[in-house]
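Subject: Handing over the structure

Dear colleague,

I am passing this structure on to you, and below it you will find what turned up when I went through it. Please keep the structure open while you read, so that each residue can be looked up as it is named.

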Amino acid sequence: MHEFSVLAGKHIVELLDGREREVIDWVEAAYLAHDAGSTVNPDSYFLRFPEKPDARIIALPAFLGGEDDVAGIKWISSFPANTESGLPRASAVLVLNDYRTGYPFALLESAGISAARTAASAALAATALGAGSARTVGIVGAGVIARTIARYLAAAGIGLTDVVCHDLDDASAGALAEHLATRHGSGSRTGSLAEALGCDLVVLATTALSPYIGTEHTLRGGQVVLNVSLRDIEPELLLTAQNFVDDVDHCLKANTSPHLAEQRLGDRSFIDGTLADVLRGRVALDPQRPLVFSPFGLGVLDLAVGHRLFQRARQEGRLTEVPGFFGETRRW
C-alpha cells in the first residue's frame with residue numbers, strides 16, 4: 001500500500017520496443033473508455049514564461065477507470081531551443097496514483113511514453129480514416145515525434161515505401177530520411193513543403209506556434225492529414241476538410257488550428273466528430289473531401305500506456321523501489 005517505485009527511461013524504451021501494435025490497442029481502448037464516460041480528463045494546465053514564449057511545461061491530470069482504475073498526472077516540458085544544443089525538445093515524468101487511497105505509487109520517465117501514445121493515436125487515426133492504402137507519405141517536421149509516428153505507422157501496416165521528409169532544418173529532414181531508409185527500408189527523400197503536402201497521407205509534427213499552411217496549398221479528396229502539432233494549418237484551409245478531433249472541448253482552445261477556425265466561423269459546425277465516433281461507426285467518411293485529424297492529446301492515453309508498462313516492469317523486476325518514500329504511513 002505504501003510502496004513507491006521509479007521506472008527509468010532506459011527500461012521504458014526497452015519495454016516499448018516491439019510492442020507498437022499493443023500500444024495502439026491500448027490507446028484505442030482508452031479512447032473508447034473516454035467515449036463511454038469511464039474517464040475523467042480535465043483541462044491541461046500550461047506554465048508559460050514571458051521571456052521564453054515558445055517554451056512551456058504542461059500538466060495533464062487524468063483518471064482512467066475500468067480494468068485500470070488508476071489516476072495520475074503527466075508533467076511535460078517543451079523547450080524547442082533545446083534542439084540547438086542537441087537535446088530533445090521534450091522531457092516528461094508521469095505520476096501514477098492508486099484510485100483506492102489516492103497515494104502515488106510510481107514515477108515513470110515519460111518522454112518515451114508521451115511520444116508512443118502520440119504516435120499510436122496517429123497510427124490509429126490513419127487506419128480508421130482509410131489511409132491504410134496510402135502510396136505516399138509526407139512528413140513535415142523531423143524530430144522525435146515524427147520518427148516515432150513513422151514507426152507506429154509501419155506497425156499499423158501503412159507502407160513507408162515512398163516518403164517525403166520536410167523540415168525547416170535541412171539536416172534534420174535528411175537525418176529522418178536516412179533513418180527511415182535504414183530502419184524501414186523506405187524509399188525516403190527530402191523535399192519541399194508542397195511536395196510533402198501533396199502525399200496521400202500527411203503527418204504534421206512541428207513546433208509551429210502559428211499557422212503557415214494556407215489556401216495556396218490544396219488538400220484533395222480522400223487525402224488524410226494527421227495534424228499532430230495542431231498549429232500548422234490556417235483556418236480557411238482547415239474549413240475545406242472533414243475534421244475529426246480526439247476531444248472537442250480539449251482541442252478547440254489554446255489557439256490550435258481548430259480553435260482559430262471556430263473563432264473565424266463563430267461555431268463548431270465544421271467538426272464532423274471524434275476519433276471514437278469514427279471507430280464506433282457513428283460518422284461517415286466523405287471521400288470527396290480531405291480528412292484531417294487534430295489530436296490535442298489526452299492524459300488518459302498516458303495513463304493507459306504508462307500503467308501497462310508499469311505492470312510489465314513489475315513482472316520483469318525492472319522497478320527501482322524507494323523504501324521509506326512516505327514519511328507518515330499511519331494516521332496514529
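**Aromatic rings**

F326 has a relative accessible area of 16% and is therefore buried, where buried means under 20% relative accessible area, exposed means over 50%, and partly exposed covers the range in between, with a 1.4 Å probe and protein chains only. Before going further, please note that this is a predicted model, in which local features need pLDDT of at least 70 and side-chain atom pairs count only at pLDDT 80 or more, while totals for chains, interfaces and linings use all residues. Residues are numbered from 1 along each chain as its sequence is written, and side-chain values use heavy atoms, with hydrogens and water left out.

A pair of aromatic rings is described by the distance of the centres and the angle of the planes. Rings of Phe, Tyr and Trp (for Trp, its six-membered ring) pair if their centres lie within 6.5 Å, and the planes count as stacked when under 30 degrees apart, as edge-to-face when over 60, and as tilted for the rest. By this rule the count comes to 8 aromatic pairs. One of them joins Y103 and F326, which are edge-to-face, with 5.1 Å from centre to centre and 70° between the planes. Because Y103 lies in the loop between β6 and β7 (104-109) and F326 in the segment after β16 (320-321), this pair ties together parts that are 223 residues apart in sequence. The helices (H or I, at least four residues) and strands (E, at least two) named here are DSSP runs, numbered from the N terminus.

The rings of F325 and F326 have their centres 5.2 Å apart and their planes at 90°, so this pair is edge-to-face. Y103 is partly exposed, with a relative accessible area of 24%, and F325 is partly exposed at 43%. Ring pairs link F4, Y103, F325 and F326 into a cluster.

**Nonpolar cores**

A nonpolar core is a set of buried Ala, Val, Leu, Ile, Met, Phe, Trp, Tyr and Cys residues joined through side-chain atoms within 4.5 Å. The largest one has 68 residues, of which L96, I139, Y152, L153, L201 and L226 touch the most other members. Helix α3 (residues 111-128) supplies the largest share of this core, with 9 residues. Apart from it lies another core, of 24 residues, which includes L193, L204, I271 and F296.

Leaving out residues up to four places away in sequence, Y152 touches L16, E20, V23, I24, A116, A119, A120 and A123, where contact means heavy atoms within 4.5 Å.

**A cavity and a pocket**

On a 1 Å grid over the protein atoms alone, a cavity is a set of points where a 1.4 Å probe fits but cannot get out, a pocket is an open set with protein on both sides within 12 Å along at least five of seven lines, and lining residues have an atom within 4 Å of a point. Grid points are joined across faces, edges and corners, and a volume is the space filled by probe spheres set on the points.

A search of the whole structure finds 1 cavity of 30 Å³ or more, and about 40 Å³ of space lies in the largest cavity. Its lining is made up of L197, V202, L204, I213, L219, V225, I233 and L237. By class, that lining has 8 nonpolar, no polar and no charged residues, where Ala, Val, Leu, Ile, Met, Phe, Trp, Tyr, Cys and Pro count as nonpolar, Asp, Glu, Lys and Arg as charged, and the others, Gly among them, as polar.

The second largest pocket has a volume of about 310 Å³. Its lining has 18 residues, and those closest to the pocket's centre are E3, D98, F105, F310 and R314. The elements that give two or more residues to this lining are β6 (90-98) and α11 (299-315), and α11 gives the most, with 4 residues. By class, the lining of this pocket has 6 nonpolar, 6 polar and 6 charged residues.

**Two residues with positive phi**

L230, although not a glycine, has a positive phi of about 75°. L230 lies in the loop between β12 (224-227) and α7 (235-238), and is buried at a relative accessible area of 5%. A254, also not a glycine, has a positive phi of about 60°. A254 is found in the loop between α8 (248-251) and α9 (257-265), and is partly exposed, with a relative accessible area of 31%.

With best wishes
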